[in-house]
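Hello,

Here is the structure I said I would pass on. My notes on it follow below.

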Amino acid sequence: MPDPLSPGGTQTSGPAPSTLSVPDVSFAEPLVDELELTTAGLEPATLPRRKETVPNSPETLILAIETSCDETSAAVLRGDRTILANVVSSQSALHERYGGIVPELASRAHVQAINPALAEVLRQADVTFWDLDAIAVTLGPGLMGSLVVGVAAAKSLAALLEVPLIGVNHLEAHIYANFIEHPEASLPALALIVSGGHTLLVEMTDHGLYEVLGETLDDAAGEAFDKVARYLGLGYPGGPVVDRLAAQGNPKAIPFPRPMLNEGYDFSFSGLKTAVLTYMDRERREAREPEIADVCASFQAAVVEVLVAKTVRAAVENEIPTVLLCGGVAANSQLRASLEVACTGAEIKVYHPSMALCTDNAAMVAGCGYHRYRRGIRTSLDAAPDPNFPIT
């Protein structure tokens, strides 16, 4: 039976480095005009081209595009970690009225926002298209209609500018948010990726070399946050509001289950979500109105305990000295704090991105794209987006 709380897609959102407004696309309206690629009145073919830098040059300029879900983002990265500009156009307000992401509206909003985002990121970075060495883009996983918009734009730019196209895995890109901000982070490392519909434990032995140790079997952590928040009437996205209310509640008030706490490295949060809904229904049937802050705190405590316990156990048992927390749910305050305490106690180094780079953004795509570009990886202009693109 279909889950009545599933809105068709889910993604935890957070603050963005630089924002653009998204037009209301719930009704028919003209699309944004095609982005002008001329400079000072010259045709593109007559513009002076910048000589392509060698792949490992710190001066390499990569423009990246991210449209996997409900954020339209473009970024320009110099080298492997200098963000010249990172623009994010969020659709949270658009989807909030529906309690979750509506894929058709998401893809149309991307069409509306992609060209303004590209124009703005070049303006902020103070570069032109002709300065770029490569175009990186998210190929998947994600919503098919959303991915198509970004991939089409990236292909067009790569073909017109005659520069390499670098396809990137969205989940892999989340890992690189850490490398952008923490140059001291070393490999091997264990990545806890908690992003919307995905919860994974991935061992990273080198750039591009991964082994998935554990993954979600049903509802991922981000999905559970969104669905519980929706049932409690807290709106969308659910992660930030649950985190905020949890800070005001008692995490021990309600003994919600810790699913699969001591069972391997896989995750399952569907049962926990159902336990919250069952508790709320029972309390209301008995004419008791639960304290929502306590519900949020108790639910969040259960999710965090499972994530932290499995992560630390996997790191210790596999002798991995570093943990990288990443993804939208990495913005959760209790998860960040609890993981730091647990890793410190186990003498494991732990890193997480700033709040701005936890949410979907193109800077992380550019960071991942740079390392693929450096290794000589190129993507064909015939490549198609893949909603189920695996990380390995």
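**Salt bridges**

Asp80 and Arg81 form a salt bridge through their side chains, with N and O 3.5 Å apart. This is a predicted model, and that applies to everything below. Asp80 is partly exposed, at 23% relative accessible area, and Arg81 is also partly exposed, at 34%. The count of salt bridges comes to nine.

Two others involve Asp219. One is with Lys227, where the closest N and O atoms are 3.1 Å apart, and another is with Lys273, at 3.2 Å. Asp219 sits in the loop between strand E8 (209–215) and H5, while Lys273 is in helix H7, so this pair ties together parts that are 54 residues apart in sequence. Through shared partners, Asp219, Lys227 and Lys273 are joined into one network. Are these residues buried or exposed? Asp219 counts as buried because its relative accessibility is 7%, under the 20% cut-off. Lys227 is buried at 5%, and Lys273 is buried at 6%.

**The chain as a whole**

The protein chain has ten helices and ten strands. Of its 392 residues, 57% are buried. Taking contacts between residues at least 6 apart in sequence, 76% join residues at least 24 apart. The accessible surface is about 15600 Å², and carbon and sulfur atoms account for 53% of that.

**Helix H5**

Lys227 is also one of the buried residues of H5. Nine of the eleven residues of this helix (residues 221–231) are buried, so H5 is largely enclosed by the rest of the structure. Besides Lys227, the buried set includes Glu223 and Asp226, along with Ala224, Phe225 and Val228.

In soluble globular proteins, nonpolar side chains tend to be buried together. Here the largest nonpolar core has 52 residues, and Phe256, Phe269, Phe299 and Leu307 have the most contacts inside it. The elements giving two or more residues to this core are E6, H5, H6, H7, H8, strand E9 (322–326) and helix H9 (333–345). H8 supplies the largest share, 14 residues.

Which residues does Phe299 touch, leaving out those up to four places away in sequence? They are Ala224, Phe225, Val228, Val242, Phe256, Leu272 and Val276. Ala224, Phe225 and Val228 are among the buried residues of H5. Apart from this core lies another, of 36 residues, among them Ala136, Ala185, Ala362 and Ala366.

**Glu66**

Glu66 lies in strand E1 (residues 61–66). Glu66 is buried but has no salt bridge, and the nearest side chain of opposite charge, that of Arg372, is 13 Å away. Its side chain does make polar contacts: one with the side chain of Ser68, at 2.5 Å, and one with the side chain of Thr138, at 2.5 Å. Leaving aside neighbours within four places in sequence, the residues in contact with Glu66 are Glu71, Thr72, Ser73, Thr138, His170, Asp360, Asn361, Ala362 and Val365. One of these, Ala362, also belongs to the core of 36 residues.

Regards

Conventions:
Residues numbered from 1 in each chain as written. Predicted model: local features only at pLDDT ≥ 70, side-chain atom pairs only at ≥ 80, totals over all residues. Heavy atoms only, no water. Buried < 20%, exposed > 50% of the residue type's maximum accessible area, 1.4 Å probe, protein only. Helix = DSSP H or I, 4+ residues; strand = E, 2+ residues; numbered from the N terminus. Contact = heavy atoms within 4.5 Å. Areas by Shrake-Rupley, 256 points an atom, 1.4 Å probe, with all protein chains shown as cover. Core = buried A, V, L, I, M, F, W, Y, C linked by side-chain atoms within 4.5 Å. Lys, Arg positive; Asp, Glu negative; His and termini not counted. Salt bridge = Lys/Arg side-chain N within 4 Å of Asp/Glu carboxyl O. Polar contact = N/O pair within 3.5 Å; in protein donor to acceptor, adjacent residues only side chain to side chain.
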